[in-house]
Amino acid sequence: GKTSGIAGSYAQLNSTGNTVALTGNTVNLNGGHASWVFGAQATDTTTGSTSTITVTGNTVNLKQSPGSIGSVCGGEIEVNSGFSGTATIAGNTLNLNGGSCSSVYGGKSTGTGVTVRDNIINWTGSIVSGTIYGGIGTVCTGNTLNVKGIGLTAENLSNFSTINYMLPASTADGTTVITLTGTEGTDLTGTTVNVDTTGASS
């Protein structure tokens with residue numbers, strides 16, 4: 001059967017004025033099935049909370065085969081209405097080395113007032129049926145996608161400050177690097193795209 005979800009660390013806040021930091025967790029996926037996977041996840045259930053929440057420096061390594069995963073996310077913060085504290089998802093890393101998943105998020109927030117910044121997705125070999133997001137939050141900045149493989153597939157790419165194509169030195173002219181299956185266009189406005197063909201390290 002499919003496991004509901006996996007998180008390297010989880011915290012639930014039921015009162016205001018708290019300080020919580022979820023950092024340094026690593027989740028390795030070598031096989032199996034799960035509906036969702038987070039490097040770390042925090043939920044603030046309090047209306048009008050003034051808490052300080054940080055989800056930083058967590059890593060998810062997706063390399064399972066066979067198996068299938070739903071959403072993969074470096075870090076998630078859920079806040080309730082009227083949140084006026086400080087919430088940051090930053091510096092998390094996703095390594096997509098194999099297997100398959102649906103949507104991918106460097107960082108993701110539910111609710112307003114959350115900053116999602118400086119998260120990194122390294123994409124080498126996973127098949128992604130949905131969109132790969134650098135981040136979803138009130139403020140999204142500095143999120144990076146490093147493309148290290150060829151013949152990759154996703155529905156779309158969204159919310160990246162930088163996309164680096166770090167292609168193997170043996171990549172031939174005319175090689176398809178990414179196929180995007182979505183019917184909507186890909187908006188790279190404000191995204192810096194770099195190409196390096198000297199060889200990628202996995």
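Colleague: In what order do the 7 strands of the open sheet come?
Modeller: The order is 4-8-12-17-21-24-26, and the pairing is parallel. Strands here are DSSP runs of E with at least two residues, numbered from the N terminus. Two strands pair if DSSP finds at least two bridges between them. Keep in mind that this is a predicted model: local features need pLDDT of at least 70, side-chain atom pairs count only at pLDDT 80 or more, and totals for chains, interfaces and linings use all residues. Residues are numbered from 1 along each chain as its sequence is written, and side-chain values use heavy atoms, with hydrogens and water left out.

Colleague: Which strands stand at the edges?
Modeller: Strand 4 and strand 26 (192–196) do. Each has a single partner strand, so one side of each has no neighbour in the sheet.

Colleague: And what is the average twist from one strand to the next?
Modeller: The twist averages 10°. For such angles, axes are lines fitted to C-alpha atoms, and the angle between N-to-C directions runs from 0 to 180 degrees.

Colleague: How many bridges do strand 12 and strand 17 pair over?
Modeller: There are 4, in the parallel sense. Leucine 94 stands opposite isoleucine 121 in strand 17. Strand 17 also pairs with strand 21, parallel, over 4 bridges. There, isoleucine 121 stands opposite leucine 145 in strand 21.

Colleague: Then which strand does strand 21 join by 4 bridges?
Modeller: Strand 24 (residues 162–166), and the two run parallel. Threonine 144 has threonine 162 in strand 24 as its bridge partner.

Colleague: Back to isoleucine 121. What does it touch?
Modeller: Its contacts include Leu94, Leu96, Val104, Ile132, Leu145 and Phe160, leaving out residues up to four places away in sequence. Contact means heavy atoms within 4.5 Å.

Colleague: Which residues touch the most other members of the largest nonpolar core?
Modeller: Ile69, Val104, Ile121, Trp123, Ile132 and Leu145, out of 26 residues in that core. Strands that give two or more residues to this core include strand 5 (32–38), strand 9 (67–73), strand 12 (93–96) and strand 17 (120–123). A nonpolar core is a set of buried Ala, Val, Leu, Ile, Met, Phe, Trp, Tyr and Cys residues joined through side-chain atoms within 4.5 Å. Buried means under 20% relative accessible area, exposed over 50%, and partly exposed in between (1.4 Å probe, protein chains only). In soluble globular proteins, nonpolar side chains tend to be buried together.

Colleague: How many residues are in the other core, the one with Ala11?
Modeller: That core has 15 residues, among them Ala11, Leu13, Leu22 and Ala40.

Colleague: Where does Leu13 pair? Which residue in strand 6 stands opposite?
Modeller: Aspartate 44 in strand 6 stands opposite leucine 13. Strand 2 and strand 6 (residues 41–44) run parallel, joined by 4 bridges. There is an open sheet of 4 strands with the order 2-6-10-15 and parallel pairing. Strand 2 (10–13) and strand 15 (108–110) stand at its edges, each with a single partner strand.

Colleague: Back to strand 24. Is isoleucine 163 buried or exposed?
Modeller: Isoleucine 163 lies in strand 24. It counts as buried because its relative accessibility is 1%. Its contacts include Leu145, Leu157 and Leu188, again leaving out residues up to four places away in sequence. Isoleucine 163 and leucine 188 are 25 residues apart along the chain, and their C-alpha atoms are separated by 9.4 Å.

Colleague: New topic. How many disulfides are there?
Modeller: The search of the whole structure finds 0. A disulfide here is a pair of cysteine sulfur atoms within 2.5 Å. For cysteine 101, the nearest cysteine sulfur is that of cysteine 73, 12 Å away. Cysteine 101 is buried, at 4% relative accessibility.

Colleague: Last one. What is phi of aspartate 118?
Modeller: It is near 55°, a positive value in a residue other than glycine. Aspartate 118 lies in the loop between strand 16 (114–117) and strand 17, and it is partly exposed at 37%. Asparagine 159 also has a positive phi, of about 65°. Its place is in the loop between strand 23 (156–158) and strand 24. Asparagine 159 is partly exposed, at 39% relative accessible area.
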